[in-house]
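Me: Hi! I'm new to this one, could you walk me through it?
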Amino acid sequence: MSETAAAFDHKAFLQACTPAPGVYQMLDAAGTVLYVGKANNLRKRIASYFRVAGERSPKTRAMVAQIADIRVAVTQTEAEALLLEANLIKRHRPRYNILLRDDKSYPYIYVSNHDYPRLGFHRGARKKGVRYFGPYPSTVAVRDTLNLLQKLFLVRQCEDSVFAHRSRPCLQHQIGRCSAPCVGLIDPEEYAADVDASVRFLEGRSDRVIGDLVQRMETAAAELRFERAARLRDQIASLRQISEQQYVAGGEGDADIFALAREGGDAAVQIFFVRNGQNLGNAVRYPKLPEEAGNAEIMTAILAQYYAEREPPRQVLLSEPPQEPKALEALLEQRRGGRVKLAWSTRGQRAEWLRMAERNAELALRTHLAGRAGQQARLAALAAALHLPELPRRMECFDISHTQGEGTVASCVVFGPEGPIKSDYRRFNIAGIAPGDDYAAMHQALERRFARLKKGEGQLPDILFIDGGKGQVSQALDVLRGQGLEGLRVIGVAKGADRRPGLETLVLSGVEGPSILPAQSSALHLIQQIRDEAHRFAITGHRARRAKARRESRLQEIPGLGPKRRTALLRHFGGLRGIARAGMDELAKVPGISRNLARAIYEGFHES
């Protein structure tokens, strides 16, 4: 056992440890959480880790050798322990736990509670009094559905600040995607009927929507409102076609479907979303697995982490039975505030759903493994080209982006054996340098990044790529010397003639002269991928910073418009976009804004 583990007196700890149920965290000497677990008897469970070494797996022995401290938290129920364990895993991402790698919440469609309700995209905490539909597997699925609803029912999707200050119909009305309630071009009762139809469509009650539309069409025809009747006829035809495409035959109600496919230490989890009998789509996740994790343990960890911050549906279908199903159901019922049923042995339509999910999980895993094999081949080629003793585990790349010195942003992207590690990406807003000084910008970004290592934040890369030539590499080496990291391998990626891909030259630290890899080299392809990702990430950050600065500067440059009046304008119009769209009469209605000042604001946003 290592010196670190020897410093931890597990016998003394176990004597004082409670036999109550709860959650435990194992920490190393640096305070990093190695593992989070739960137990019905904390003392008994923790003692099992310190048995004779031959009785433990290699993974457990490696973990125990690093333990410097153990923290426990007593809980009252198994469900409470499951929830606390899932939250701690999500927060600390311990290396020895099963990790879902699922940081984003899923998006919803919401219907606001205004006099003229709005349909919109939502992600995050949900408010009372607002109706939500979903979750959807991706933002693309939400955008597609909103686009479809806009075509079918012409319900507004504009921001409230825009809606409140319209004096004439917008472009959406002109292209037939909004009925223009903002300027009174539709009766409130008729608009309410369109909103109701949208809601029932989202609820999966398309048949009732079609029936109501047929009645409205016949009424419009009887009243000789033939244009209105023709629009309703087209809506009915579109709805019938869409319903045939979306409906899951024989299905009713809500369900999430989890299917696990596994090969050795790799796994794929397919999650399908069924709401009101409609298949809203699917998402795939690739959890990080310890070597000896069983399928039941994996399924339990995935469900506990997935629903730690989400509301489950009434039914959750599983391809594998989980550990402690009763405790899991109690956790899900606590999250939902109502009954939740876990099922893994099903018949009929639900069995078909599970088979569909299992097939998709197996296909996703095969594709993932093929991609990983390609990534491993690229890493091997890179190691051979650079004469590395082993495959690199972590590679970082820095790039600088600006427009003639304005809004300079540096990016840092991170790649590992499986590709991009997006949770470790970082951007640095560069300040205090001469405009356009790329060397100074690179120096500042690298200094800020590696200064974090002294605080125990982040990991040291095996290779540091720099988008640039000898000058940028010199800046990197200067920073590393100042941080006492001279041994780190630095590689500059200089663009070739005419900036054409395949003609890049590599500037290697400690090597005289540039190095050129063949255009067909797998190592070069990997370097290009990393460099291009750093470039994309830098440009995105730069454009956002530049746009924000330009918008804010417009208000700051207007004479007579101090901080209080700027705040009043932003609150009244809901942001700079609302101010830019407002007319002089609307601007003058804001408290503290005179007619002359309103004119100055309007001209500030509209002069070429």
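Me: Where in the protein chain is confidence lowest, and where is it highest?
Reply: By pLDDT, the predictor's confidence in each residue from 0 to 100, helix 1 (residues 3-6) is lowest with a mean of 42, while strand 16 (residues 463-466) is highest at 94. Helices (H or I, at least four residues) and strands (E, at least two) are DSSP runs, numbered from the N terminus. This is a predicted model, where local features need pLDDT of at least 70, side-chain atom pairs count only at pLDDT 80 or more, and totals for chains, interfaces and linings use all residues. Residues are numbered from 1 along each chain as its sequence is written, and side-chain values use heavy atoms, leaving out hydrogens and water.

Me: And what's the average pLDDT for the protein chain?
Reply: The average is 83, and 91% of the residues score at least 70.

Me: New topic: is Q444 buried or exposed?
Reply: Q444 counts as buried because its relative accessibility is 17%; buried means under 20% relative accessible area, exposed over 50%, partly exposed in between (1.4 Å probe, protein chains only). Q444 sits in helix 15 (residues 438-454).

Me: Which residues does Q444 touch?
Reply: Leaving aside residues up to four places away in sequence, Q444 touches N429, I430, A431 and I433. Contact here means heavy atoms within 4.5 Å.

Me: What about helix 5 and helix 12, which residues meet there?
Reply: From helix 5, L82, A86 and I89 meet T300, A304 and Q305 of helix 12. By class, this contact has four nonpolar, two polar and no charged residues. Ala, Val, Leu, Ile, Met, Phe, Trp, Tyr, Cys and Pro count as nonpolar, Asp, Glu, Lys and Arg as charged, and the others, Gly among them, as polar.
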